[in-house]
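Please keep the sequence and the structure open while reading.

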Amino acid sequence: MGKLLLLEDDLSLINGLSFAFGKHGFELEVARTLREADRLWETDKYDLLVLDVSLPDGTGFEFCKKVRRASDKVPIIFLTASDEEIDIIMGLDIGGDDYITKPFKLGVLMSRINALLRRAKDFNAADTMLQSNGIKVLLLQGQVFKKGELLDLTAAEYKLLCLFMQNPNRVLTKEQILNKLWDSEGNYIDNSTLTVYMRRLRMKIEDNPGEPQMLVTVRRMGYKWNVLD
């Protein structure tokens, strides 16, 4: 099924997740501190990372940032007791793929993990480049260029852009966007949060963000990547 790294310091949760992962056919390695996680990450390869946010020697966010400097492909899901919107946005912006709050149902977590693994497999089998409207995305490198100039996008902005460019001239609803990117029912990312993401992305890709031509809003429906060329 795949090899997972669990970064978690709660022994009871470790025991429960170890049993559940093994039952579903996953090979699991466990780190209880950032230091242990660093050592394992340097010496092995994983298909997916499950990271607790609060740890004895730091946070899962710190480890995520380190991983993303080396790889933008391995899926990352955060486990945390906090459901604060700012923490959720931070986790997604630095490269997390999904976020689940404690306490959670094991079935929900397994469903999220399987969805992320499927998406990673589909991504690796996909084309290596997206291009339209003067925007070029190099999927293997995780880089975006506008008219030859490298853009500085957050992980969430990059995922949004790829989603829209993979669905040209198609209206995507808020629910479709969240389900594609974060496997969420939209309960913790509301309309205002998604609007913030869209505004920030437009600031970086549009010639006139106040009057977007590429990433357009379709009233009462959603958003669309409008192919101009």
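## The loop at Arg220

Arg220 sits in the loop that runs between β13 (215–218) and β14 (222–225). Although Arg220 is not a glycine, its phi is positive, at about 65 degrees. Its relative accessibility is 76%, so Arg220 counts as exposed, the cut-off for that class being over 50%. The model is a predicted one, and these values are computed from it.

## Other backbone features

A positive phi is also found at Asn169, a residue other than glycine, where the angle is near 60 degrees. Asn169 belongs to the loop between α6 (155–165) and β12 (171–172). With a relative accessible area of 47%, Asn169 is partly exposed. As background, most residues other than glycine have a negative phi, and most peptide bonds are trans.

The peptide bond from Lys102 to Pro103 is cis, and its omega is near -5 degrees. Pro103 is part of the loop between β7 (98–101) and α5 (106–125).

Lys102 lies in the loop between β7 and α5. Is Lys102 buried, partly exposed or exposed? It counts as partly exposed, at 24% relative accessibility.

Which residues does Lys102 contact, leaving aside its neighbours within four places in sequence? They are Glu8, Leu13, Asp52, Leu79, Thr80 and Ala81. For one of these, Ala81, the C-alpha atom is separated from that of Lys102 by 4.8 Å, while the two residues are 21 apart along the chain.

Helix α3 covers residues 60–70, and its buried residues are Gly60, Phe61, Phe63, Cys64, Val67 and Arg68. Viewed down the axis of α3, these buried residues fall within an arc of 155 degrees, so they line one face of the helix. Arg69 and Ala70 are exposed on the other side of α3.

Helix α4 spans residues 85–93, with Ile88, Gly91, Leu92 and Asp93 buried. After α4 comes Gly95, which has a positive phi near 125 degrees.

Gly134 is located in the loop between β8 (129–132) and β9 (135–138). Its relative accessible area of 33% makes Gly134 partly exposed. Gly134 and Ile205 are separated by 71 residues in sequence, and their C-alpha atoms are 9.4 Å apart in space.

Lys136 lies in strand β9 itself. This residue is partly exposed, with a relative accessible area of 31%. Not counting residues up to four places away in sequence, Lys136 touches Met129, Leu130, Gln131, Gln143, Val144 and Phe145. Lys136 and Lys146 are 10 residues apart along the chain, with 6.5 Å between their C-alpha atoms.

Helix α6 contains Ala156. At 0% relative accessibility, Ala156 counts as buried, a class that requires under 20%. Ala156 is 44 residues from Arg200 in sequence, and the C-alpha to C-alpha distance between the two is 10 Å.

## The chain as a whole

The secondary structure of the protein chain amounts to eight helices and 14 strands. Along its principal axes, the C-alpha trace spans about 55 × 35 × 30 Å. The radius of gyration is 18 Å, which agrees with the value near 17 Å that a compact globule of 229 residues would have.

Of the 229 residues, 48% are buried. Where contacts join residues at least 6 apart in sequence, 58% of them link residues at least 24 apart.

Key. Residues are numbered from 1 along each chain as its sequence is written. This is a predicted model: local features need pLDDT of at least 70, side-chain atom pairs count only at pLDDT 80 or more; totals for chains, interfaces and linings use all residues. Side-chain values use heavy atoms; hydrogens and water are left out. Buried means under 20% relative accessible area, exposed over 50%, partly exposed in between (1.4 Å probe, protein chains only). Helices (H or I, at least four residues) and strands (E, at least two) are DSSP runs, numbered from the N terminus. The arc is that of the directions from the helix axis to the C-beta atoms. The radius of gyration is taken over C-alpha atoms; the globule rule is 2.2 Å times the number of residues to the power 0.38. Contact means heavy atoms within 4.5 Å.
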